[in-house]
Amino acid sequence: MLRFLTAGESHGPSLTTILDGLPAGLPLTPEIINKELARRQQGYGSGGRMKIEKDTVQILGGVMGGETTGAPIALLVQNDDHVKWKGKAIEPMTAPRPGHADLTGAVKYGYKDLRPALERASARETTMRVAAGAVCKHFLAQFGIIVGGYVSSIGEVQTDFGDMPFEERFARAEESDVRCPVESSAKKMRDEIEKTIHGKNTLGGVLEIVALNVPVGLGSFVQWDRRLEAKLALAIMSVQAIKGVEVGDAFENAKRIGTEAHDAMSLASSLVTRHSNRAGGIEGGISNGQPIIIRAAMKPIATTLLPQPTVDLASGTESPTKYERSDFCPVPRAVPILESMVAFVLADALLEKLGGDSLNEMKPRFESLRKATLEDLPMDNVSHIFWE
């Protein structure tokens with residue numbers, strides 16, 4: 001139903017995306033997108049490029065009179081740094097960095113220089129994911145669905161959120177330069193990042209992305225590629241430096257026995273409710289109405305000031321890596337990127353569920369969706385012959 005492609009290189013003239021499949025009638029201005037682009041550029045541990053680029057979007061198609069038309073939405077962000085590269089001979093790049101796409105890209109595509117792999121594999125590409133994701137978040141908000149995120153750990157520093165409500169976590173995270181809602185943990189994270197900077201190294205961490213007010217019934221179990229958690233895992237794992245993902249308490253549940261791993265049900269008036277949310281809001285590939293909780297593990301990025309052993313492919317000798325400008329800890333900046341990917345998947349699932357070509361068509365359908373109530377779940381309570 002919904003799809004997007006991005007194009008552009010890290011130091012090229014611009015980055016672009018086309019988002020196709022959104023209905024007509026969604027109010028949309030550049031400011032809505034620019035707010036999310038600004039969030040992507042904020043975070044303690046950012047590298048030098050964030051002082052150069054101030055990303056703003058141009059809407060080139062799919063929006064007229066301040067509303068989407070149902071046509072593909074074309075978005076463009078200029079690379080302010082491009083002027084330093086245009087028309088200049090760029091020093092050869094022949095020593096691949098461990099952990100990057102330099103070597104694998106050269107093998108796959110037959111490059112004579114490693115830079116084309118660096119330019120496209122760079123996390124600079126996520127600028128346009130955030131731009132497309134901002135539109136998807138705005139679309140979901142029309143139905144009361146909220147997607148937010150925060151940092152739960154950086155390096156060895158872990159955070160205990162206690163019973164802090166999710167919306168409070170979102171708000172506090174945006175007040176923190178490491179996007180951690182608990183200030184005592186945030187201070188320790190800053191200290192760890194500072195040590196890493198002085199050590200000319202990089203740090204990773206774990207992020208949590210949560211979707212609230214998601215209706216029951218998004219996704220499906222009827223085919224493997226329609227399961228909601230599978231789509232979410234693909235979207236999260238597609239982000240640069242993300243190497244692990246879990247839905248709900250997946251890894252803790254693996255240590256528990258069955259009666260302690262699942263979310264017991266009870267009746268509140270006529271509504272079927274849960275005592276917990278270990279499943280992370282998804283059962284059998286379908287959203288169950290509880291908050292969708294996703295945790296993602298982000299590795300320390302591979303570009304380090306401290307040289308790493310590699311091989312110079314031009315000279316055929318072992319040599320140290322050369323530094324390319326990068327972040328020391330990209331984890332805080334990754335929050336809006338992962339939010340964008342989750343929002344894209346949920347917007348697509350909602351469009352599949354509701355159908356319709358305009359927002360006005362979709363809203364009444366949303367209101368009439370079945371809920372987990374006895375009234376919406378009439379059982380005939382008789383024996384059936386299902387196969388003759």
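Lys and Arg count as positive and Asp and Glu as negative, while His and the chain ends are not counted.

**View 1. Charged side chains of the predicted model.** The structure shown is a predicted model. The protein carries 44 positive and 49 negative side chains. The centres of these two sets lie 5 Å apart.

**View 2. Overall fold and dimensions.** Eleven helices and 18 strands are present in the protein. The C-alpha trace spans about 80 × 50 × 50 Å along the principal axes of the protein. The radius of gyration is 23 Å, which agrees with a compact globule, because a globule of 388 residues would have a value near 21 Å.

View 3. Of the 388 residues in the protein, 50% are buried. Among contacts in the protein with a separation of 6 or more, 71% are between residues 24 or more positions apart.

**View 4. Pairing of strands β17 and β18.** Strand β17 covers residues 309-312, and strand β18 covers residues 317-320. The two strands pair in the antiparallel sense, with four bridges between them. At one of these positions, aspartate 312 has threonine 317 in β18 as its bridge partner.

**View 5. Turn of the β17-β18 hairpin.** Strands β17 and β18 form a hairpin, and four residues lie between them. Glycine 316 is in the turn and has a positive phi of about 75°.

Conventions:
Residues numbered from 1 in each chain as written. Predicted model: local features only at pLDDT ≥ 70, side-chain atom pairs only at ≥ 80, totals over all residues. Heavy atoms only, no water. Rg over C-alpha atoms; globule rule 2.2 N^0.38 Å. Buried < 20%, exposed > 50% of the residue type's maximum accessible area, 1.4 Å probe, protein only. Contact = heavy atoms within 4.5 Å. Charge placed at Lys NZ, Arg CZ, Asp CG, Glu CD. Pairing = 2+ DSSP bridges.
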